[in-house]
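Please read this briefing alongside the sequence and the coordinates. It is arranged by topic, so that each group of points can be checked in the viewer.

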Amino acid sequence: MTSLDHSRTGTAVRILRFDGVQRAAHWANAVLFTVLIATAIPLYFGSFFGLVLPRHAVQLTHLWSGLALPVPVIASLVGPWGRRMRRDVRRFNYWTRDEIAWMRTLGRGGAAREKFNPGQKLNAVFVAASILVMLVSGSILQWFNYFSISQREGATFVHDSFAFLIVAAIVGHTYMALTHRDSLHSMIDGTVTEEWAAQHAPSWWREMKSGGADHS
Amino acid sequence: MTTSGDDYLPDEPRKAVGRRAFVGIVGLGALGVALGGRVQNLLSNAAGSSLGSILPFGDRFRIYSVSGNYPAISRRAYRLEVTGMVDRPMTFTLSDLQAMPATSYKKTFQCVTGWTVPDVEWRGVQLSHILNLVGVQPGAVALTFESYDGADGESLTIDQAHLPDVLVAYEMLGAPITREHGAPVRLSVPQMYGYKSLKWLSAIRVVDHVHLGYWELNGYPANGWLDGTTGPTNPNPGLA
């Protein structure tokens with residue numbers, strides 16, 4: 001029965017949306033992406049920044065941050081501490097008919113009632129896939145000796161193109177976070193109000209109330 | 001009641017959209033690598049040159065420097081020293097070089113790591129012209145090139161150095177070479193990958209065997225032919 005995983009802040013009942021493992025993974029990911037983009041800019045626009053920055057140090061920082069990029073996500077998925085994360089990955093994967101309709105009509109039709117709306121699901125999937133793409137294409141660039149010149153050209157193109165897409169996704173993600181304080185709050189202290197859940201994620205809220213899958 | 005542990009079992013019909021999107025995005029990346037340069041050229045042509053300068057469509061230089069900085073050498077103070085197994089060791093100023101017969105061409109600049117810049121204009125003196133001035137002695141096998149950055153070095157065999165398109169260049173991209181591209185004078189070895197086109201050229205030494213340069217010591221082939229062959233004039237096939 002219902003011993004909801006919540007705490008009281010003021011009068012609002014708060015529900016756990018992201019546990020500590022998920023938040024740690026999210027923010028570690030955020031730091032790594034920030035470092036990667038910050039070091040990518042002088043590497044990409046080298047003719048300007050190269051005059052003032054120690055290129056070699058920038059390169060090494062980019063390389064090691066890149067290699068570390070998959071670590072937070074993988075670490076948050078494995079082991080007994082990764083149960084909630086694994087469950088959310090399944091949420092990212094499975095879409096209801098309503099959600100597909102919602103996505104197709106960009107929110108005008110269908111309905112988003114789940115813990116994550118289709119936009120959030122797509123963002124999560126895109127980031128996960130991009131990490132893999134960047135890791136592989138970046139590795140080809142780093143250890144190019146093992147690849148044909150055509151593959152190196154392809155990897156350069158893919159690495160650069162995805163970098164642009166990732167920056168666009170992060171800008172959008174950050175904008176949404178800053179304009180949706182409740183969502184941002186849930187990635188900081190882990191919780192949302194019951195009210196928010198009932199309004200934005202009614203299916204999930206009902207699931208929580210009935211001691212569903214997120215009840216742990 | 002909770003469902004058992006990890007299981008998040010949807011209670012209404014759902015589709016595995018996330019997995020398909022994941023596979024699709026990763027597939028796009030794999031396709032891009034597999035198609036290689038072709039997809040880049042295709043998009044570059046489609047997008048036109050204005051976009052090409054900012055988007056990753058191909059005609060961008062990535063600037064490398066082995067010493068971590070770009071040496072600043074004034075055009076007036078610049079000297080190119082040519083010594084070693086020569087009859088007349090000489091030192092040239094930039095104006096000396098500019099007064100010699102000039103050679104120009106346009107060529108795709110190709111980096112060994114996989115980026116290219118199409119139609120790069122070069123202008124300079126044929127290296128063979130300079131070698132004729134100093135007089136290469138019999139028994140000389142190779143040239144060692146030194147850079148003002150104090151760290152980089154390159155090599156060419158005497159035969160490679162006499163290829164007509166090997167330049168001691170002072171113009172690139174239709175203007176005097178900029179600092180990050182190796183100002184005021186660099187090599188252009190257009191039949192080889194970019195690392196052979198040493199920047200901030202300070203000295204040429206004529207020697208009796210190939211001294212591997214910075215990039216060669218870090219695993220690049222000593223003969224960096226673009227087509228990946230050992231090349232027509234490669235005296236040391238084992239190195240390539």
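This is a predicted model: local features need pLDDT of at least 70, side-chain atom pairs count only at pLDDT 80 or more; totals for chains, interfaces and linings use all residues.

Chain A has 11 helices and 4 strands, whereas the secondary structure of chain B comes to 6 helices and 11 strands.

**The two chains**

- In chain A, 35% of the 216 residues count as buried, and residues 24 or more positions apart account for 59% of the contacts with a separation of 6 or more.
- In chain B, buried residues make up 40% of the 240 residues, and 60% of the contacts with a separation of 6 or more join residues 24 or more positions apart.

**An open sheet in chain B**

- Five strands of chain B form an open sheet with mixed pairing, in the order β3-β2-β11-β6-β7.
- The edges of this sheet are strand β3 (90-93) and strand β7 (153-157) of chain B, each of which pairs on one side only, and the twist averages 20° from one strand to the next.
- Strand β2 of chain B, residues 79-84, pairs with β3(B) in the antiparallel sense over 4 bridges, and Arg79(B) stands opposite Thr93(B) in β3(B).
- On β11(B), the parallel pairing with β2(B) rests on 4 bridges, while the antiparallel pairing with β6(B) has 6 bridges.

**A helix pair in chain A**

- Helix α1 (residues 20-44) and helix α3 (residues 55-68) of chain A have axes that come within 9 Å and cross at roughly 145°, and the crossing of α1(A) past α3(A) is left-handed.
- From α1(A), the residues in this contact are Leu32(A), Val35(A), Leu36(A), Thr39(A), Ala40(A), Pro42(A) and Leu43(A), and they meet a set in α3(A) that includes Val58(A), Gln59(A), His62(A) and Ala68(A).
- By class, the contact of α1(A) with α3(A) has 8 nonpolar, 6 polar and no charged residues.

**Nonpolar cores**

- In soluble globular proteins, nonpolar side chains tend to be buried together.
- The largest nonpolar core has 41 residues, of which Leu97(B), Val168(B), Ala169(B), Val185(B) and Leu201(B) touch the most other members.
- Among the elements of chain B that give two or more residues to this core are β2, α3 (94-99), β5 (116-126), α4 (127-134) and β11 (201-207), and β8(B) gives the most, with 5 residues.
- A second, separate core of 26 residues includes Tyr94(A), Ala129(A), Met134(A) and Val17(B).
- Leaving aside residues up to four places away in sequence, Leu201(B) touches Leu80(B), Phe145(B), Ser147(B), Val168(B), Val185(B), Arg186(B) and Leu187(B).

**Backbone features in the loops of chain B**

- The peptide bond from Ala183(B) to Pro184(B) is cis, with omega near -5°, and Pro184(B) has its place in the loop between β9 (175-176) and β10 (186-188) of chain B.
- Leu173(B), in the loop between β8 and β9 of chain B, has a phi near 60°, a positive value in a residue other than glycine.
- Trp200(B), in the loop between β10 and β11 of chain B, likewise is not a glycine and has a positive phi of about 55°.
- Is Trp200(B) buried or exposed? Trp200(B) counts as buried because it has 25 C-beta neighbours inside 10 Å, and the cut-off for a buried residue is 20 or more.
- Leu173(B) has 15 other C-beta atoms within 10 Å and is therefore partly exposed.

**An exposed position in chain A**

- Thr174(A) is found in helix α8 of chain A, residues 149-179, and is exposed because 12 other C-beta atoms lie within 10 Å, where the limit for an exposed residue is 12 or fewer.

Terms used: Residues are numbered from 1 along each chain as its sequence is written. Chains are lettered from A and ligands numbered from 1 in the order in which they are written. Two residues are in contact if their C-beta atoms, placed from the backbone, lie within 7 Å. Two strands pair if DSSP finds at least two bridges between them. Axes are lines fitted to C-alpha atoms, for helices over the stretch in contact, and angles run from 0 to 180 degrees between N-to-C directions. A crossing is left-handed if the near helix is turned anticlockwise from the far one by less than a right angle, and right-handed if clockwise. Ala, Val, Leu, Ile, Met, Phe, Trp, Tyr, Cys and Pro count as nonpolar, Asp, Glu, Lys and Arg as charged, and the others, Gly among them, as polar. A nonpolar core is a set of buried Ala, Val, Leu, Ile, Met, Phe, Trp, Tyr and Cys residues joined through C-beta atoms within 7 Å.
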